[in-house]
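Dear colleague,

Please find below the structure that I am handing over to you.

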Amino acid sequence: MKTFDCVIIGGGVGGMSAAVYAKRRNKNVAIIEKFSLGGEVLELQKIHNFPSQAEIDGITLAQLFSKQIDALGVEVIYDEITSTKLGEPDKTLVGKKDTYVAKSVIIACGMSYIEAGVNENDFLGKGVSYCAVCDANFFKNKPVCVISKDGSGLKAANVLAEVCSEVTVLDEGDLQLFAKANTNKKIKIYSQTKLVKVRGNEKVDGVEYTQNGKIKTLECDGVFISLGRKAKTDIFDIKKDEQGFIITDENMRTSRYGVFAVGDIRKKNLRQIVTACSDGAIAGQLC
Ligand SMILES: Cc1cc2nc3c(=O)[nH]c(=O)nc-3n(C[C@H](O)[C@H](O)[C@H](O)COP(=O)(O)OP(=O)(O)OC[C@H]3O[C@@H](n4cnc5c(N)ncnc54)[C@H](O)[C@@H]3O)c2cc1C
């Protein structure tokens, strides 16, 4: 069990910004991140609206943030928080690897990918990915498919077509108009489909899907799940809106004493890098 003044769940730009402010106040602060520092920003090819940068790619921006975290000596723990007790006075966060206790908590978990809900997560890192920009290069000159709903995967398909040999979009909705207008010979678009299962042993070798009531198979080396994002806040017993976004006051305070929420996970009007940083600064100054 590890004890801190403040634990920040999530190492996206909101969480890292909070850490900068908390650490500069000499707080014993840790970021707990389940994947990689940078969060959503890692997926962005070009950012044009981050103040001071006319144009910057997401990976470079994330590296600038994490360099600052490193220089300040913020502890970064790679773990996934799976349950929480947010009562007073100390809060307990249970992760897959360890348990953490903190006087205050900043929730900076962003939004989560919508899963296809079949067996896709058994193949994470073995051919299934949620991020085309991050992982396209692993599938250079190989066929891949994109699981999509009402066009949600078309952007990913274009990114993948730059490096992969063939990209098949399996969309749940009706994309016949897009399919007709598509001029990229590497991209095929199938409508009214539903993923049944990802096939393979050690790694992906294809998918099974339904179309017009028939089960079909497609051979491919990579499967990109691109069904959009949602607020995933079920591990927090806290006040939320009907879509699951955490409700805060203007100081990022939630309905629980000593618990703050910042960035995309909170109810707000504008979900952007600069507003996540602003939220983080406020919470980091008060935690
Ligand atoms: C397609 C797209 C394009 C965009 N373009 C722009 C743009 O051009 N300019 C702009 O300003 N904004 C843009 N945005 C929005 C911007 O990316 C987000 O507002 C911002 O990155 C949110 O930061 P965050 O820190 O709140 O969350 P995130 O960046 O999502 O970070 C959350 C982190 O928490 C981690 N995490 C989640 N749950 C747990 C857990 N249980 N345990 C441990 N760790 C956990 C995740 O792994 C992740 O690293 C775009 C967003 C999208 C989807």
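The notes below describe what was found in this structure.

This is a predicted model, in which local features need pLDDT of at least 70 and side-chain atom pairs count only at pLDDT 80 or more, while totals for chains, interfaces and linings use all residues. Residues are numbered from 1 along each chain as its sequence is written.

Domains

The domain assignment of the chain gives domain 1 (2-111 + 231-286) and domain 2 (120-226); such bounds come from an automatic or database domain assignment. The C-alpha centres of domain 1 and domain 2 are 31 Å apart.

Surroundings of the ligand

There are 31 residues around the ligand, and Gly10, Gly12, Gly39, Gly110 and Gly263 come nearest. A residue is near a molecule if its C-beta atom, placed from the backbone, lies within 6 Å of it. By type, the shell consists of 15 nonpolar, 10 polar and 6 charged residues. Here Ala, Val, Leu, Ile, Met, Phe, Trp, Tyr, Cys and Pro count as nonpolar, Asp, Glu, Lys and Arg as charged, and the others, Gly among them, as polar. At least two residues of the shell come from each of α1 (13-24), β2 (29-33) and α6 (273-286). Helices (H or I, at least four residues) and strands (E, at least two) are DSSP runs, numbered from the N terminus.

Helix α1

A residue is buried if 20 or more other C-beta atoms lie within 10 Å of its own, exposed if 12 or fewer, and partly exposed in between, with C-beta atoms placed from the backbone.

Lys23 belongs to α1 and counts as buried because 21 other C-beta atoms lie within 10 Å. Leaving aside residues up to four places away in sequence, Lys23 touches Val29, Leu72 and Val74; contact requires C-beta atoms, placed from the backbone, within 7 Å. Lys23 and Gln285 are 262 residues apart along the chain, yet their C-alpha atoms are separated by 9.3 Å. Just after α1, Asn26 has a positive phi of about 70°.

In helix α4 (residues 154-161), the buried residues are Ala156, Ala157, Val159 and Leu160. They lie on the same side of α4, because they cover an arc of only 165° around the axis, taken from the directions from the helix axis to the C-beta atoms. Their cover includes α3 (132-135), β9 (143-148), β10 (166-171), β11 (187-190) and β15 (222-226).

Cys145 is in strand β9 and is buried, with 31 C-beta neighbours inside 10 Å. Its contacts, not counting residues up to four places away in sequence, are Thr168, Leu170, Val207, Leu218, Cys220 and Val223.

Two loop residues

Gln192 is not a glycine, yet has a positive phi of about 50°. Gln192 sits in the loop between β11 and β12 (193-200) and is partly exposed, with 15 other C-beta atoms within 10 Å. Asn212, also not a glycine, has a positive phi of about 50°. The loop between β13 (204-211) and β14 (214-219) holds Asn212, which counts as exposed with 8 C-beta neighbours inside 10 Å.

Yours sincerely

Conventions: Contact = placed C-beta atoms within 7 Å.
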